[in-house]
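Thanks for coming, everyone. I have one model to walk through, and I'll keep it quick. Here it is.

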Amino acid sequence: MSTQPSKKNPKEPLDLLQGTLDLLILRTLIFGSQHGQGIARAIQQTSEHELLVEHGALYPALQRLEERGWLSAKWGTSTNNRKARFYSLTAAGRSQLVKETTKWKRLSAAIARVLGAQATER
């Protein structure tokens, strides 16, 4: 996932670990179907503008998740009356979200332990 600082938050962009975008997409779609731009906007807003998903990263990820059977897609009309593909979580996608969330929580806890250990060693 490629990130850039936003105008509202000029801090250095955050780089994500491989696979994180997939997790964020799956999590965003737990609330219902959405088109690509809506997914990107939801990730940006939920992250308080720390994460900006570029189209060059988003659409290949959506295609990959659809190929794995974790998302389904159908054509529809967006709120601004444009034709768009709307993505939804499948049952397999919900299951994968649970697995990936568990792995992410384990990883982040382990990293926090290492960082905490370094802070106390000083």
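Which residue in strand 3 is the bridge partner of glutamine 34? Tyrosine 87 is.

Before going on, some ground rules. This is a predicted model: local features need pLDDT of at least 70, side-chain atom pairs count only at pLDDT 80 or more, and totals for chains, interfaces and linings use all residues. Residues are numbered from 1 along each chain as its sequence is written, and side-chain values use heavy atoms, with hydrogens and water left out. Helices (H or I, at least four residues) and strands (E, at least two) are DSSP runs, numbered from the N terminus.

Three strands make an open sheet, order 1-3-2, with antiparallel pairing. Pairing here takes at least two DSSP bridges between two strands. Strand 1 (34–35) and strand 2 (71–77) are the edges, each pairing on one side only. Strand 1 and strand 3 are joined by two bridges. Helix 3 lies across strand 2 and strand 3, at about 125 degrees to strand 2. Axes are lines fitted to C-alpha atoms, for helices over the stretch in contact, and angles run from 0 to 180 degrees between N-to-C directions.

Next, the helix pair. Helix 1 packs on helix 3 at about 75 degrees, axes 10 Å apart. That makes the two roughly perpendicular, a label for 65 to 115 degrees. Who touches whom? From helix 1, Leu21, Asp22, Ile25 and Leu26 meet Ala57, Leu58, Ala61, Leu62, Arg64 and Leu65 of helix 3. Contact means heavy atoms within 4.5 Å.

How covered is helix 1? Mostly: seven of its nine residues are buried, meaning under 20% relative accessible area with a 1.4 Å probe, protein chains only. In helix 2, the buried residues are Gly36, Gly38, Ile39, Ala40 and Ile43. Their cover includes helix 1, strand 1, helix 3 and strand 3. Just past helix 2, glutamate 48 has a positive phi of about 55 degrees.

Last, the core. A nonpolar core is a set of buried Ala, Val, Leu, Ile, Met, Phe, Trp, Tyr and Cys residues joined through side-chain atoms within 4.5 Å. The largest has 20 residues, and Ile25, Ile39 and Leu71 touch the most other members. Helix 1 (20–28), helix 2 (36–46), helix 3 (55–67) and strand 3 (83–89) each supply at least two residues. Helix 3 gives the most, with five. Beyond its neighbours within four places in sequence, leucine 71 contacts residues including Ile25, Leu62 and Tyr87. Tyr87 brings us back to the bridge partner of glutamine 34.

Conventions: Buried means under 20% relative accessible area, exposed over 50%, partly exposed in between (1.4 Å probe, protein chains only). Angles under 35 degrees count as roughly parallel, over 145 as roughly antiparallel, 65 to 115 as roughly perpendicular and the rest as oblique.
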